[in-house]
Amino acid sequence: MSMKPSNNIWIRRQQCPCGDWKCYIKYEGDDQSSVNSQLVKSETTASSSSSSEAVFTPYVGQIFKSDDDAFEYYSNFARKNGFSIRKARSTESQNLGVYRRDFVCYRSGFNQPRKKANVEHPRDRKSVRCGCDAKLYLSKEIIDNVTQWYVSQFSNVHNHELLEDDQVRLLPAYRKIQEADQERILLLSKAGFPVNRIVKVLELEKGVQPGQLPFIEKDVRNFVRTCKKTVQENDALLSEKRENDMMELVEACKAMVERDPDFLYDCTTDENGKVENIAWTFGDSVRAYTVFGDVVTFDTTYRSITYGLLLGVWFGIDSHGKAIFFGSVLLQEENSHSFAWALQTFVRFMRGRRPQTILTDIDSGLRDAIARELPNTKHVISTSHILSKLSSWFSLPLGSQYADFKADFDMLCHLESVEDFEHQWNLLVARFGLVPDKHIALLFSYRASWPLSYIRSYFLAHMLTAEFSQSLDSFLKRILSAHTCLQVFFEQVGIAANLQNQPRVEMQSMHIKTCMPIEEHARSILTPYAFNVLQHEIVLSMEYATTEMANGSYLVRHYKKMDGEYLVIWIPDGEQIHCSCKEFEHSGMLCRHSLRVLVVKNYFELPEKYCLHRWRLESSLVPMDDQHAQSSSDECTQAFHSLAATLLTESLISKERFNYVHRELTGLLEHVRNMPVIDEFALNIAANNVSES
């Protein structure tokens, strides 16, 4: 089958997890993560920026690159001066094509009398046209094979009153219903809301005064009427199109199996044999899952406008803290049955191995499916998904108090004690008067899955960090373009998931900071990402004091009491160490408290069991730079540290010396910054020069 290109816009799911069909989500940060919102925002930004720029009065001889640029310029000028414009006559020839454009005031000319229908009471509408002579005429010229348009005539003399800004926005030319508002209007219309009620709902949701929307009730009525007619005409065509495109996607999967035997896919069909759901994964993803499948995130935040399909993508986190693709699925329905099929298929793809932990968005159907299909897997709801919904839920009812509420809510997310969380939660709800709020009740019913105090013992391998979220968003942006048919989307997923296309990992930022043997050992076995995380804990461990208890355990506290008190249990048999902060159980890396006790116990290397394979150098699935560059870098670092220390000592002897050294070093730094970067062998050459001198 041949695939015909088609438009398919992916948007964030707007249905609220509270289950109320009248409630919807407007995500914070959609300008970064939602492709559709990017389009809406770009349109809004473009119009607002163009209207905010200084627009001078057009003049005869003014040059434009195109007639569209001239129309936009004149339109902005008109809006600022209380009128609107329209396109009038255009003149063309065989050689030049269109070579003249006439733009006039919206009240230019006179309406021609219409032939009245043979009715008893014909409608006689009053025309706004009054023969206004305001105009801008363009002519095209070609100079040195470059086409340009110049203003040949311009008049700004009006024979009618110009409008104030609050009135000019209501002219038909400036009344626009943005795409996000169109979706909301259609949803409310399908729910049976009359047009006047839809307008009131939009005013309340946007927090504007009555009559201050960028469109009026008449525009909403016309839009609903047009859409209903279009939907009735296109429903059958759209259904056929979706069926054909899904079949072509299945054919693409079959073709991929022939090229790559490790590729896996599965699909379901309805009673008429039409494809309902489809899932697929790649050989690289299955192999990666054997190493990094201990924790996965199932992202279901996007759906297709064109086909109404829900997109689900499984990700893991690799040894470098980056998102790694495990599989994807397209579902017709957002219910427990569909999610159960998706989970069953994913586990089958991954040869029956289930993850320790799965991260998702809030969804009751998905929660039920996970409880049924993955009974031994810990279910965590990502706090980033919750925080992105707060504005939609609480900004309007709380008003000026919303900023304080969000700050307190963020603090609640990071409390370590369950008792503290529930106590502070009750205070928060009472303080802001949110006891009857349905979203507060929803969050509290899910509390076992999202606050740190409840999930601190669940293994998450740094999946809740901002860096991982950025990596995941970056992957989604690569596969979700504004206009993507299903087969192109399938190809984009394959390219992004291919490990051979991943960037090479640089061995950088792995310099020793403490000269402790345990740090040197960690650097020799961990990836740069894991080492930097553990090194931070090693450095901070030096600020903690230990007190040995009678049973061989230790109380560990900060020397300035900037942190709480933690109990570290040491069991000599099997070299077991357990901290009450549960950092190792949470991330797979030892905490500063445990590291401090290991140093007290004269450990010069990390115990084998506390160096998880997923964080080791040998677990890396992408190429890494030669470690020889790292040793060369260390030699350079030591040489510069020694030289800098000597220079500092000598310069502090007198103020004259210090001023001289400071002045020369400033100039030297500027000179070095302007030097060209040579190549990857620079460190080796520098190291050799240092050793020779």
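This is a predicted model: local features need pLDDT of at least 70, side-chain atom pairs count only at pLDDT 80 or more; totals for chains, interfaces and linings use all residues.
**Entry 1: helix H13**

Next I checked the helix itself. H13 runs over residues 418-431, 14 residues in total. From its first C-alpha to its last it reaches 20 Å. That is close to the 20 Å expected at 1.5 Å a residue.

Which residues of H13 are buried? I found Phe 421, Trp 425, Leu 428 and Val 429. I then looked down the axis of H13. The buried residues fall within an arc of 90°, so they line one face of the helix. An α-helix has 3.6 residues a turn, so residues three or four places apart point the same way.

I turned to the other side of H13. Glu 419, Asn 426, Ala 430 and Arg 431 are exposed there.

Last, I checked what follows the helix.

**Entry 2**

I traced an open sheet of four strands. Its order is E14-E15-E16-E17, and the pairing is antiparallel. Which strands are at the edges? They are strand E14 (544-548) and strand E17 (576-579), and each pairs on one side only. I noted the twist too: from one strand to the next it averages 25°.

I then looked for what packs on the sheet. Helix H21 (residues 592-600) does, touching E14, strand E15 (554-558), E16 and E17. The direction of H21 makes about 65° with that of E14.

I also followed one pair of strands in detail. Strand E16 (residues 566-571) runs antiparallel to E17, and four bridges join them. I looked up Ile 571 and found Gln 576 of E17 as its bridge partner.

**Entry 3: cysteines**

How many disulfides are there? I took a pair of cysteine sulfur atoms within 2.5 Å as the cut-off. The count comes to zero disulfides.

I checked Cys 132 by distance. Its closest cysteine sulfur is in Cys 105, at 3.9 Å, which is too far for a bond.

Is Cys 132 buried or exposed? Cys 132 is buried, with a relative accessible area of 3%. Cys 515 has 71% relative accessibility and counts as exposed.

Key:
Residues are numbered from 1 along each chain as its sequence is written. Side-chain values use heavy atoms; hydrogens and water are left out. Two strands pair if DSSP finds at least two bridges between them. Axes are lines fitted to C-alpha atoms, for helices over the stretch in contact, and angles run from 0 to 180 degrees between N-to-C directions. Contact means heavy atoms within 4.5 Å. The expected span of a helix is 1.5 Å times one less than its number of residues. Buried means under 20% relative accessible area, exposed over 50%, partly exposed in between (1.4 Å probe, protein chains only). The arc is that of the directions from the helix axis to the C-beta atoms.
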